[in-house]
Amino acid sequence: MTALYIILGAVALLLAVLVIRAVLCKAKVRPLRPEKENVSPEKSLEYARRLAKMIQCKTVSSDDGFDDTQFAKLRGVMEELFPLVHERLKKMTFGDDCWMYCLEGKDKGRNIMIMSHHDVVDATGEWEHEPFGGEIIDGKIWGRGTVDTKTPLFAEFSALEELLSEGFEPPCNLWIGSSHNEEIAGDGIPKALEYFEKNNISFELILDEGGAVIEAPMGGIVCKCAMMAIHEKGRFSAECSAKEGDSHTGLAANPETPVVRMSRFITDVNSKNLFIRKMYPEVKAMFEGLAPYSVFPMRLIFANLWLFAPLLKVIIPKINAQAASMIGTMCSFTAINGGSQEKECRAKASLRCVNDKDFEKDFDAFSKAAEKYGVEVKLAESGNEYHKPANFRLPQFGYVKDCIGEIFPNVGAAPFILPAGTDARHFSDICPCVVRFAPIDIDAQQYASVHSPNENISVKAVGNAVAFYKHFLKNYR
C-alpha cells in the first residue's frame, strides 16, 4: 500500500509540475493587446499609391538572361520616391542590378542590414486584376510583388526616407540590400557577400523576408502569429542510376529491369522512415514560442517538451506537413527517365536537411537503401549548400520580437525553420543573427498567392510595414 501511495504521489507531483509550467509559460511573455492603429487610413492609402509605381515595374528575373528594361524603370521610380535616400546614402551595385545602400552611423565599426529583393516571378494563370497594374481595389493593392517582396522593400525605403527628413543618424552603419535575381537563386547577393568578406565587414543583425504575420499556423493557436525564420533547410541534389545487369531482360524469368529497380528504390524511400527525426533546438523554440498562445491541452504539451518531445516527434508528421519538414531531412524525387528498352534508368532526388551532421548519416542511409536495389547514388557536383542557423538567444533576436510586439500587439511571435530559401542565407557566416521576417500582415489567400495568381496585400498592411521599419531603425541601439 505504501508503494501505491508513493506512485500516486509521484504522478500527482508530475501533473502539478506540468500544469504549473503551462501556466507560467503564458506569464513570461507579453500579453496580447488590442490591435493598434500605427498609421492613419489616409496615410496608408498614400503609401499604397506610391508602392503601386514599384508594382508597375515588371522586374521578372529569368534564367535566360538579364533584360534591364524594367529594372531600369524601377531604379528611376526608386530615385523619384526616395530622393533623400539616394542623396545621402552610398550605393553599390553587384552583378547586373543587386543594390547595396549604406548609411554611415555613429559607430562605424558596427553594421546591421535590412533586405528585400526587387525581382519577381512571372504572372502566369488567371488573374482578377492586372498583375502589374498596382490597382487599389476593395482596400487592397493587387499585383505581382505585393507580398514577395516589394511591399517590404518599399516599407524599408519609406521608413528611412522619413527618418532622414527628421535628422536621423543611426547608431551604427545601416545597410539596405536588394537583389535582382533572388527568385532564380542568382549571383547578386553572393557577389555582395564577396565584397563584405574581402573588406572584413560583418553584421550584428540582418533582417530579410521569409516569415510574416499570418493566421494561426496550426490548430489550437488562438491568435495570429509573427513567424520569424531563424534557419533555412540545407539543399542537396542526388543523382540516381540503375543500370542493366548481365542477363538479357527479354529472356529473364523475372526481369529486374533498371526501371523496376529504380521504382522499388523510390517506393522504399517514400514509404520508410530512413532519416533521423529530432526536435532540433530551433523547433523546440518554435513550440515553446507558440505555447502561450495555444489552447490548454496543447499548451501543456508545448510547455513541457522535456517530457513530450518524443511524442511530438511521432505525431507531428501526421498532423502538420510543414511542421513535419522541420524535424529532419525530407526527400522528393523530381525527375526520372529511361524506359524498359533502355539500359539505364536515371532519377534525381532533392534532399532538404535541417542539420548538416545528421545529413551525412541520412545520406548514408539513403545510399544503403539504393544499394539494395542495385541503384548507384551520388551527390550532384554543384548546387549543394548548407547554412548554419541564427543564434536566437542573442539580444538582437529579442529586439526583433520587441518591435513586433510594439507594432503588432495583438499577435503572438515565434521562431521557425523555413523550408524555402532566401538571399539572407548567404550571410550566415558573417552575421550570427540572420532573421527572416517581413512585417506584413497577410491572410491565408494572400499567403497562398505568392508565386500564384491574384497576389495582393491590404492597404493597411502597407502602412503597418512602414511603421515597423521606422520603429526598428529608430530604436536600435
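Buried, as used here, means under 20% relative accessible area, exposed means over 50%, and partly exposed lies in between (1.4 Å probe, protein chains only). The model is predicted, with local features requiring pLDDT of at least 70 and side-chain atom pairs pLDDT 80 or more, while totals for chains, interfaces and linings use all residues. Residues are numbered from 1 along each chain as its sequence is written, and side-chain values use heavy atoms, without hydrogens and water.

**Exercise 1.** Locate Ser61 and decide whether Ser61 is buried or exposed.

*Solution.* Start with the position: Ser61 is found in the loop between α2 (41–55) and α3 (69–81), helices being DSSP runs of H or I of at least four residues, numbered from the N terminus. Next, take the relative accessible area of Ser61, which is 12%, so Ser61 is buried. Then examine the surroundings, where the side chain of Ser61 makes a polar contact with the side chain of Asp119 at 2.7 Å. Beyond residues up to four places away in sequence, Ser61 also touches others, including Phe71, His180 and Glu183, contact meaning heavy atoms within 4.5 Å.

**Exercise 2.** Work out which strands pair with β11, and in which sense.

*Solution.* Begin with β9 (residues 234–243), which pairs with β11 (residues 344–353) in the antiparallel sense over 10 bridges; two strands pair if DSSP finds at least two bridges between them. Within this pairing, Ser241 has Arg346 as its bridge partner.

Notes. Helix = DSSP H or I, 4+ residues; strand = E, 2+ residues; numbered from the N terminus. Polar contact = N/O pair within 3.5 Å; in protein donor to acceptor, adjacent residues only side chain to side chain.
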